[in-house]
Amino acid sequence: MTPTGIALVTGASRGLGRAIALELAACGFEVVATMRDPAAGAELPAAAAARGGRLRVEHLDVTLPETITIPEGLRVLVNNAGLDAAMLPVEAQAVAEWRPIFETNVFGLVEVTHRAIPALRRAGGGVVCNLTSSSLLAGVPFFALYRASKAAVAAFGESLRAEVAPFGIRVLEVLPGPIATDMLAASDHMPEAARVAGYAEMAAEFHASRRAIDALITEPAAAARRIASAILDDASPKRIACDPLGDAMLPAAAGG
Ligand SMILES: NC(=O)c1ccc[n+]([C@@H]2O[C@H](COP(=O)([O-])OP(=O)(O)OC[C@H]3O[C@@H](n4cnc5c(N)ncnc54)[C@H](OP(=O)(O)O)[C@@H]3O)[C@@H](O)[C@H]2O)c1
């Protein structure tokens with residue numbers, strides 16, 4: 001696709017969302033960088049302008065439908081906003097802890113997408129880009145909640161892809177590996193599972209195994225360049241990696 005029209009990014013206050021918003025602006029899209037607290041993005045329009053791009057910040061909390069405004073002329077929707085969960089075994093994670101994660105990662109994403117499809121159709125087509133996770137490709141312990149929320153998004157995207165292809169709308173799934181953001185930093189600790197009877201040893205092993213990914217941690221700007229390229233590439237695979245760990249895991253999971 002040509003980089004014209006509006007690209008809306010959710011959760012653009014920091015991390016991957018911020019980097020994707022800036023990259024899409026540099027590519028030529030008119031970017032609407034949405035976030036829960038617009039003050040967090042105060043410097044974003046100037047940062048985009050410094051690279052010759054156009055970007056405006058708007059308030060959007062994916063869990064509050066009244067804050068969701070879809071601009072006319074939308075060509076690209078990047079569903080990036082997401083929450084991580086405590087690393088607990090299923091028996092120690094109450095359903096009440098599942099609900100807020102699903103409210104953001106699944107129902108919020110569905111609400112935004114549900115509202116965006118008519119605008120994308122009126123614009124003659126475009127791209128819906130969903131951020132899931134390379135953790136979907138590995139059945140690691142203590143991630144049932146987070147992975148289940150991302151698996152729901154992956155399945156949602158597959159059916160959506162079939163539905164909207166006739167309207168010229170591509171659905172792209174990005175499976176990030178370890179990207180140097182607040183989310184990754186906040187997860188680098190002994191899993192909460194260590195405090196649950198019977199899981200301490202597994203938690204310690206899991207924590208020790210994390211050091212193996214240190215050398216593979218990727219900067220958000222580098223991941224965002226790959227994501228923007230795939231958004232622009234009409235021949236892009238429908239599921240893509242954006243970092244070296246994803247590059248190694250995705251073909252293996254696909255049997256390639
Ligand atoms: N970093 C990784 O290694 C990694 C790996 C796999 C997948 N991912 C996925 O990539 C995406 C971006 O992750 P990240 O690492 O950049 O995370 P992050 O640094 O924690 O940033 C998360 C972003 O989501 C926003 N957000 C949370 N709840 C929201 C809501 N209800 N409405 C709107 N925005 C909301 C946050 O806004 P506030 O600033 O207001 O909190 C923030 O902008 C997520 O979907 C994540 O699951 C990341």
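Reader: Hi! How many residues surround the ligand, and which are the closest?

Author: Hi! In this predicted model, 27 residues surround the ligand. The closest are Ser13, Arg14, Arg36, Tyr146 and Thr181.

Reader: Nice. What does the side chain of Arg14 have to do with an oxygen atom of the ligand?

Author: An N or O atom in the Arg14 side chain sits 2.7 Å from an oxygen atom of the ligand.

Reader: Which elements give two or more residues to the shell around the ligand?

Author: Those are helix H1 (15-27), helix H4 (144-164) and helix H5 (182-186). H5 gives the most, with 3 residues.

Reader: How does the shell divide into nonpolar, polar and charged residues?

Author: There are 11 nonpolar, 11 polar and 5 charged residues in the shell around the ligand.

Reader: Let's stay with H5 for a moment. Is Leu184 buried or exposed?

Author: Leu184, which is found in helix H5, is buried, because its relative accessible area is 17% and the cut-off for buried is under 20%.

Reader: What does Leu184 touch, leaving out residues up to four places away in sequence?

Author: Leu184 touches Pro178, Ile179, Arg210 and Ile217.

Reader: How far apart are Leu184 and Gln93?

Author: They are 91 residues apart in sequence, and their C-alpha atoms are 21 Å apart in space.

Reader: New topic: helix H8! Which residues are buried there?

Author: H8 covers residues 244-253, and Leu245, Gly246 and Leu250 are buried in it. They span an arc of only 110 degrees around the axis, so they lie on the same side of H8.

Reader: Why do residues three or four places apart point the same way in an α-helix?

Author: An α-helix has 3.6 residues a turn, so residues with that spacing point the same way.

Reader: Which exposed residues are on the face of H8 turned away from its buried side?

Author: That face carries Ala248 and Ala252, which are exposed. Over the buried residues, the cover includes strand S7 (239-240).

Reader: What happens at the start of H8?

Author: A side-chain oxygen of Asp243 reaches to within 3.1 Å of the backbone nitrogen of Leu245.

Reader: Okay, strands now. Where does Thr34 lie, and what does it touch?

Author: Thr34 lies in strand S2 (residues 30-35). At 1% relative accessibility, Thr34 counts as buried. Leaving out residues up to four places away in sequence, Thr34 touches Leu8, Val9, Thr10, Gly11, Ala12, Ser13, Glu58 and Leu60. Ser13 is also one of the closest residues to the ligand.

Reader: And Thr104, is that one buried or exposed?

Author: Thr104 is buried, with a relative accessible area of 11%. Thr104 is part of helix H3 (residues 95-122). Apart from residues up to four places away in sequence, its contacts are Val62, Thr63, Gly82, Leu83 and Leu109.

Reader: Last one: what is phi of Phe142?

Author: Phi of Phe142 is near 75 degrees, a positive value in a residue other than glycine. Phe142 is placed in the loop between strand S5 (126-131) and H4, and at 7% relative accessibility Phe142 counts as buried.

How values were computed: Residues are numbered from 1 along each chain as its sequence is written. This is a predicted model: local features need pLDDT of at least 70, side-chain atom pairs count only at pLDDT 80 or more; totals for chains, interfaces and linings use all residues. Side-chain values use heavy atoms; hydrogens and water are left out. Buried means under 20% relative accessible area, exposed over 50%, partly exposed in between (1.4 Å probe, protein chains only). Helices (H or I, at least four residues) and strands (E, at least two) are DSSP runs, numbered from the N terminus. The arc is that of the directions from the helix axis to the C-beta atoms. Contact means heavy atoms within 4.5 Å. A polar contact is a pair of N or O atoms within 3.5 Å; within protein, one must be able to donate a hydrogen and the other to accept it, and residues adjacent in sequence count only if both atoms are side-chain atoms. A residue is near a molecule or strand if one of its heavy atoms lies within 4 Å of it. Ala, Val, Leu, Ile, Met, Phe, Trp, Tyr, Cys and Pro count as nonpolar, Asp, Glu, Lys and Arg as charged, and the others, Gly among them, as polar.
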